[in-house]
Amino acid sequence: MSVLSVKFGTQRRALLAALLCAQLIAGVVTVAAVGPSAGGATDDDHTDAVFRSANAGSCLTWQPEPPQRPAFVQCSSPHLFEVVNAVPGDGDQESCAVSGRRYLGSHYDPNGRFAYGLLRSVGEGSGSRISLCGLQLPGPNGAQLPFRGLVAEQDQSRVWPPGTCLGADMKGGQTDLGPVDCAEPHSVEAVGPIDLDAHFHDGPPPSDAEQEEVLRPACVTMATAYLAPKTLSGSALTLNHRPIGPASWSAGSHQALCALAPRTPGPMTGSV
């Protein structure tokens, strides 16, 4: 019986101790099917059939508790993995990223909230193994969030619900490593998304300056309501928002995140 687990690339202890864990590494989430283990042939055959039958556009899910065996679901239903390609052997993260960009085509958002995943099946020999490249939605502390619909058909904007804290890696220069528990060090706390579709209709992607004219006042209004009765001027916080780049805009991502960040450099802990 094959068992699914999500590997922490830099934390081997987590891989050995847990059957399901994850880490976002350079935009790639690795998921491994580890096996075999105790169980009947029916479970093993089912898992093997899923790997051998999956095609680009197939959607998979698995139960949160071990053993995590993949199963097909309708893409309109909540799922954890959208297949973009099936490859022989173990596969690798770089080839999955290439496959994902080809699969999404003009709908690829290089700054989107979805990450490339690698689902591995362990067979009797390397020649019989099949790996699945796909798309996933990383959530708090490495967990995978379910999503509905095909990625190419939705806004991939890197926005999160109000109150979501986003991890920080100041040494590596990255300030948004995905959602984490607010009790852990993080770079910003989400206030909410700002939809720019209402301001910029058909035509070329709006410039940073054009977007800033909309984002700044909208973010101030949103943050004021979020902090009430406290005030932004009376806090040690500052507004954080970024214009949407041309590639992301052309891919259909038209939402920008309004967030709060500390005025002084470095991460913060706890919710604002």
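Q: How many helices and strands does the protein have?
A: The secondary structure comes to five helices and 14 strands. Keep in mind that this is a predicted model.

Q: What share of the residues is buried?
A: Of the 272 residues, 42% count as buried.

Q: And what about the accessible surface?
A: The accessible surface comes to about 13,300 Å². Carbon and sulfur atoms account for 54% of that area.

Q: What share of the contacts joins residues at least 24 apart?
A: The share is 63%, taken among contacts between residues at least 6 apart in sequence.

Q: On to the strands. In which order do the five strands of the open sheet come?
A: The order is S11-S10-S12-S14-S13. The pairing is antiparallel.

Q: Which strands stand at the edges?
A: Strand S11 (179-180) and strand S13 (237-240) do. Each has a single partner strand, so one side of each is left without a neighbour in the sheet.

Q: How many bridges pair S12 with S14?
A: Six bridges, in the antiparallel sense. S12 covers residues 186-195, and S14 covers residues 255-262.

Q: Which residue in S14 stands opposite Ala 190?
A: Ala 259 stands opposite Ala 190.

Q: New topic: helices. Which strands does H4 lie across?
A: Helix H4, residues 208-227, lies across S12, S13 and S14. H4 runs at about 115 degrees to S12.

Q: How far does H4 reach from its first C-alpha to its last?
A: H4 has 20 residues and reaches 27 Å. That is close to the 28 Å expected at 1.5 Å a residue.

Q: Which H4 residues are buried?
A: They are Gln 211, Val 214, Leu 215, Cys 219, Ala 223 and Leu 227.

Q: What do those buried residues pack against?
A: The buried residues of H4 pack against S12, S13 and S14.

Q: Let's pick Gln 211. Why does Gln 211 count as buried?
A: Gln 211 has 0% relative accessibility, so Gln 211 counts as buried. The cut-off for buried is under 20%.

Q: What does the side chain of Gln 211 reach?
A: The side chain reaches the backbone nitrogen of Ile 244 at 2.7 Å.

Q: Which residues is Gln 211 in contact with, leaving aside neighbours within four places in sequence?
A: Gln 211 is in contact with Leu 196, Phe 200, Pro 206, Pro 243 and Ile 244.

Terms used
Residues numbered from 1 in each chain as written. Predicted model: local features only at pLDDT ≥ 70, side-chain atom pairs only at ≥ 80, totals over all residues. Heavy atoms only, no water. Helix = DSSP H or I, 4+ residues; strand = E, 2+ residues; numbered from the N terminus. Buried < 20%, exposed > 50% of the residue type's maximum accessible area, 1.4 Å probe, protein only. Contact = heavy atoms within 4.5 Å. Areas by Shrake-Rupley, 256 points an atom, 1.4 Å probe, with all protein chains shown as cover. Pairing = 2+ DSSP bridges. Axes fitted to C-alpha atoms, helices over the stretch in contact; angles between N-to-C directions. Expected span 1.5 Å × (residues − 1). Polar contact = N/O pair within 3.5 Å; in protein donor to acceptor, adjacent residues only side chain to side chain.
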